Amino acid sequence: MIIESIQSPADVKRLTLEEMQELAVEMRTLLIEKVSRHGGHCGPNLGMVEATIAMHYVFDSPKDKIVFDISHQSYPHKMLTGRAEAFLKAAHYDDVSGYSEPTESEHDHFVIGHTSTSVSLAGGLAKGRDLRGEAGNVIAVIGDGSLSGGEALEGLDWAAELGTNFIIVVNDNQMSIAENHGGLYQNLAALRRSNGTCSNNLFCAMGLDYLYVDKGNQLEALIAAFKKVKDIDHPIVVHINTLKGKGYEKAETDKERFHWSAPFNIATGELLHPVTVETYDELTASHLLDVMKKDKTVCAITAGTPGIWNWTPERRQAAGKQFVDVGIAEEHAVALASGIAKAGGKPVFGVCSSFIQRAYDQLSQDLCINDNPATILVLWGSLTTMTDVTHLCHFDIPLLANIPNLVYLAPTNREEYLVMLDWSLAYKEHPVAIRVPVGATVPATRPVQTDYSELNRYEVVERGKDVTILGLGNFFALGEQVHRLLQAQGIQATLVNPRYISGIDTELLDNLAADHRLVVTLEDGALEGGFGEKIARHYGPTAVKTHCYGARKTFVDRYSPQDFLAANRLVDTMIAEDVVRLLG
């Protein structure tokens, strides 16, 4: 195989056109095989094979610096920069990250996993190059879906002022994670139809030079275009028209399904380990669709990620104009929700924990200062959902729970979650965020309160003495396990479901201080700035000792959730052991 002889981009430059075409076939075969066995981003990488080969044939990485937006299309780049073994042999699949990673190779320049960033990051590299009086090309690669993000437009708007070498490759495959949304995509379509000659040109309007490549999966056309812009003395956009999922018929046909996939059968495209239980993601979409049919003022909002809460194409069609996809634009989604709520609508913005970070200012300024009653559903918030460093879902509790006016709730079971969601749609006093439980739904085993308007009232599930366990949201089940272990040792602990992340039940906490010496808090997220610290601060002036459990503040990458929990002593036996020791 040709790929086995590629140790660096220098080896690509020695290939003939025919050999590069054969290399492209080999790379696609390996990509499909790896993703089908291991899981990963499928369609984005398949569509970028020829463009990546052509870039490394023409440019001189790492002197010429290539920055991939999100970097979920960087697998071919990794294959050509000394990391092919991670795609050739199953035993080495985990040797590389699914994203750009500088510790792996000098050909990667940033750890990147969130969208719309490459133009700004690469623009910084170009500016730094110029400040140091150095030479070399800087290339930003960005997909059309990523153009909807504000940072991408900010970067493009500034790029023309750089006035020096800067090449922006726009990979236009007519898809985001799902379909594209927004007016700028009409302009991209017009540019494709006119072979790049349309006078209405978004990029030229921003002061950038422009080059269109209609055959974005043809090596000859790509090589010619990249040779034309190499060493250019001003910023230019190279707009390439590509096919997402190219080379795998099922990924070409069902682009949304194969944007990212768990392991699947190549012949059928079916998942090897399909989810057969009801999940909270599935429950959310099905419940909201039912609510929408009865209440036309309810509106679900997604920022380019409908799949994370199971808004399938069929459900989106059924919801009609009550479902809004703003593209990859979390900032706009939050401000839009605030405006809808102000106008009397009932917006529900569903967003991954890792991505809500992108809209902190809008949460604080546009939503919470205005105190508009929108609902934010924070999905996948947990230490165990996503383990790539760029996608950690550890930090939403410190982020959201400390914004004034925002009521942040943590349901512990299926029925409690549905009641909280329905309550939030009717509540008019403040915006409400709900940390949606993760995994398979768990039925309630105790009565569920239906009104949460009296804020910050915790639920005492079991009343004991000496030690109180506050198990927040996902970790209420862990609290139950610890409670049982202590009970087996003759310790009758109090078990509390806090329900409210953003406030404390001072009356209950003061009451517990009368006959409790120790309070233990359990939260499925980062410890610093989190829920437990609120409890510890309350008990600080008293004789009650507080012991908080959560994750240490650190960036971790591709970890074993089981090992990570153990390293943070988030295991029932460890916690029970600590309690016994602390009680003396």
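The model is predicted: local features need pLDDT of at least 70, side-chain atom pairs count only at pLDDT 80 or more, and totals for chains, interfaces and linings use all residues. Residues are numbered from 1 along each chain as its sequence is written, and side-chain values use heavy atoms, with hydrogens and water left out. Helices (H or I, at least four residues) and strands (E, at least two) are DSSP runs, numbered from the N terminus.

**The parallel sheet**
- Five strands make an open sheet in the order β2-β3-β4-β6-β5, and their pairing is parallel. Two strands pair if DSSP finds at least two bridges between them.
- β2 (65–68) and β5 (209–213) are the edges; each has a single partner strand, so one side of each lacks a neighbour in the sheet.
- From one strand to the next, the twist averages 20°. Angles run from 0 to 180 degrees between N-to-C directions, and axes are lines fitted to C-alpha atoms, for helices over the stretch in contact.
- Four bridges link β2 to β3 (residues 138–143) in the parallel sense.
- Lys-65 stands opposite Val-138 of β3.
- Helix α9 (residues 184–193) packs on this sheet and touches β4 (166–172), β5 and β6 (235–241). Contact means heavy atoms within 4.5 Å.
- The direction of α9 makes about 75° with that of β6.

**The mixed sheet**
- Another open sheet has five strands in the order β14-β16-β15-β17-β18, with mixed pairing.
- Its edge strands, β14 (459–462) and β18 (545–551), each pair on one side only.
- Here the twist averages 25° from one strand to the next.
- β17 and β18 run parallel and are joined by six bridges.
- Val-520 has His-547 in β18 as its bridge partner.
- Helix α24 (residues 572–583) lies across β15 (466–471), β17 and β18, at about 150° to β17.

**The α15–α17 pair**
- The axes of α15 (residues 330–342) and α17 (residues 360–368) come within 9 Å and cross at roughly 15°.
- The contact uses Glu-331, Val-334, Ala-335 and Ser-338 of α15, plus Gln-362, Leu-363, Asp-366 and Leu-367 of α17.

**Glu-528**
- Glu-528 sits in the loop between β17 (516–526) and α22 (531–539).
- The C-alpha atoms of Glu-528 and Phe-395 are separated by 9.3 Å, yet these residues are 133 residues apart along the chain.
- Leaving aside neighbours within four places in sequence, Glu-528 contacts Pro-398, Glu-533 and Lys-553.
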